[in-house]
Each structure stands twice: as C-alpha cells, then as structure tokens.
Amino acid sequence: MIKGKLITIEGPDGAGKTSVLEKLIPLLNDSVTQEIVVTREPGGVAISEHIREIILDVHHTAMDNKTELLLYIAARRQHLVEKVLPALEAGHLVFIDRFTDSSVAYQGAGRGLCKREIQWLNQFATDGLEPDLTLYFDVPSEIGLARIEANKNREVNRLDLEKIDMHQRVRQGYLDLAKEQPDRIVTIDASKPLEKVVEVALGSVLTLIKT
C-alpha cells in the first residue's frame with residue numbers, strides 16, 4: 001500500500017533541475033517530518049545506472065530511437081520496483097529527477113515516436129503509478145543550451161550532441177503535457193533567479209503535503 005507521496009522533477013536540458021533540488025531538499029527537511037528520498041532516471045539503482053551508461057554514452061550515436069525508448073522503459077521498471085515503490089510504501093516523500101513525462105517529451109515530441117504507444121509502455125512499466133505532483137521547470141532552449149555550455153562540470157552525454165531543433169521539440173512536448181494536465185503539472189519559469197525558482201517549487205510541494 002502506497003502511503004507516501006511521489007513528486008517528479010521535469011524540464012528540458014539546462015533547466016537547472018539539479019541546482020533546484022540541491023537547495024530545495026534542505027529546506028524541506030526543515031519543514032516536513034517525512035523521510036525524503038531523492039533519486040533519478042535513468043538510474044537510481046545499479047541495474048538502471050548501467051542502462052543509463054548505455055543510453056547516454058556519446059559513442060552510441062547509432063542507437064535507434066525505439067531502442068533508446070525501450071532502454072529508458074527498462075531502467076524505469078527496475079528503478080520503480082527496487083527503490084521507488086518500497087520508499088512510497090514506507091510513507092516517504094519521494095523525488096524523482098525525470099519520470100514518465102520525459103519519455104513523452106523526449107522520445108515522443110523530440111524523436112517523433114507515437115505518443116500513444118509511449119504512454120502504453122509507461123503504463124506497463126509503472127503499473128499505472130502517477131506522480132502526486134510534477135514540477136516542470138521551463139526554460140527556452142537557447143538559454144538551457146547556453147547554461148550547459150557554460151557549466152564545464154556538467155556531465156556531457158549523447159543528448160547534448162543534438163541540434164537545437166530537437167531541444168525545441170522536447171520543450172514543446174513538455175508544454176503540451178503541462179497544458180493537458182494542469183492539476184498535476186506545475187509550470188515554473190526556470191529562467192528566473194535560482195532563489196525565486198526554489199521558492200515557487202517549495203510552495204508547491206508544501207501545498208501538496210498539506211492536502
């Protein structure tokens with residue numbers, strides 16, 4: 001039985017998700033009694049981290065779009081059963097950096113794969129688990145890519161090699177999802193100063209916890 005809350009963090013490349021989480025989690029630790037678990041996709045557990053290495057390896061440019069999608073789905077399933085579900089069943093507050101929406105945005109809008117089929121695969125992999133809240137950090141592709149270029153400490157992966165039109169399609173895919181599901185997805189302007197972005201994110205999470 002799920003007693004905890006699932007919060008997913010989404011956004012195009014360069015949206016600053018990692019920076020927000022680094023500041024958000026300490027603030028939440030001071031405000032909530034629940035244990036907080038922070039994890040990521042693809043990854044979070046050993047098997048999924050190995051799959052992550054395959055997906056993001058800059059040498060794997062020949063990877064087929066459907067292969068990419070299926071690898072993400074496989075990593076998602078293992079992560080879910082091994083880490084996410086046990087944490088939710090224990091009543092924890094679980095944050096995942098990327099979840100099902102990322103497949104719709106990246107492999108659907110970005111790669112042009114069928115949205116309906118991606119949603120079916122997500123349903124299959126998660127047994128229908130939906131986030132209680134999704135924080136979508138929105139930033140224009142030009143700003144996001146400029147941030148990546150300026151951040152020399154950031155992991156460079158295969159998706160960073162894509163041209164700007166791919167990133168623009170991904171962003172539009174996220175915006176479409178946010179429009180379709182406004183009750184779940186909170187859109188936050190990630191082009192604003194980090195402190196302001198964190199403030200809005202914190203308010204959204206605390207509102208969820210109080211309901």
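# Sheet, helices and salt bridges

Q: Which residue in β5 is the bridge partner of Asp-138?
A: Asp-189 in β5 is the bridge partner of Asp-138. Strands here are DSSP runs of E with at least two residues, and helices are DSSP runs of H or I with at least four residues, both numbered from the N terminus.

Q: What kind of model is this, and how are residues numbered?
A: This is a predicted model, in which local features need pLDDT of at least 70 and side-chain atom pairs count only at pLDDT 80 or more, while totals for chains, interfaces and linings use all residues. Residues are numbered from 1 along each chain as its sequence is written, and side-chain values use heavy atoms, with hydrogens and water left out.

Q: Back to β4 and β5. How many bridges join them?
A: Five bridges join β4 to β5, and the two strands run parallel. Two strands count as paired if DSSP finds at least two bridges between them.

Q: What is the strand order in the whole sheet?
A: The order is β2-β3-β1-β4-β5. Five strands form this open sheet, with parallel pairing.

Q: Which strands sit at the edges?
A: β2 (36-40) and β5 (185-189). Each of these pairs on one side only.

Q: How much are neighbouring strands turned against each other?
A: By 20° on average, direction ignored. The axes are lines fitted to C-alpha atoms, for helices over the stretch in contact, and angles run from 0 to 180 degrees between N-to-C directions.

Q: And β3: are its residues buried or exposed?
A: β3 is mostly covered, with five of its five residues buried. Buried means under 20% relative accessible area, exposed means over 50%, and partly exposed is in between (1.4 Å probe, protein chains only).

Q: Which way do the β3 residues point?
A: Leu-93, Phe-95 and Asp-97 point one way, while Val-94 and Ile-96 point the other way. In a regular strand, side chains alternate between the two faces of the sheet.

Q: What about bridges from β3 to β1 and β2?
A: Five bridges join β1 to β3, running parallel. Five bridges also join β2 to β3, again parallel. In β3, Ile-96 is the bridge partner of Thr-8, and Asp-97 is the bridge partner of Arg-40.

Q: Arg-40, then. What does its side chain form a salt bridge with?
A: Glu-49, with the closest N and O atoms 2.8 Å apart. A salt bridge is a side-chain nitrogen of Lys or Arg within 4 Å of a carboxyl oxygen of Asp or Glu. Arg-40 is partly exposed at 33% relative accessibility, and Glu-49 is partly exposed at 23%.

Q: How many salt bridges are there?
A: The count comes to 13 salt bridges. Glu-68, Arg-111 and Glu-162 are linked in a network of them.

Q: Which side chain meets Asp-138 in a salt bridge?
A: Arg-171, at 2.8 Å from N to O. The pair links distant parts of the chain, 33 residues apart: Asp-138 is in strand β4 (residues 133-138) and Arg-171 is in helix α7 (residues 164-180).

Q: Is Asp-138 buried or exposed?
A: Buried, because its relative accessibility is 11%. Arg-171 counts as partly exposed at 23%.

Q: Which strands does α7 lie across?
A: β1, β4 and β5, running at about 140° to β4.

Q: And α1 (residues 17-29)?
A: Helix α1 lies across β1 (5-10), β2, β3 (93-97) and β4, at about 170° to β3.

Q: At what angle do α1 and helix α8 pack?
A: About 50°, with their axes 9 Å apart. The two helices are therefore oblique to each other. Angles under 35 degrees count as roughly parallel, over 145 as roughly antiparallel, 65 to 115 as roughly perpendicular and the rest as oblique.

Q: Which α1 residues meet α8?
A: Among them are Val-20, Leu-24, Leu-27 and Leu-28. On the α8 side, the residues include Val-197, Ala-201 and Val-205. Contact means heavy atoms within 4.5 Å.

Q: New topic: where is Thr-126?
A: In helix α5 (residues 115-126). Thr-126 is buried, at 5% relative accessibility. Not counting residues up to four places away in sequence, Thr-126 touches Arg-76, Arg-77, Leu-80, Phe-99 and Thr-100.
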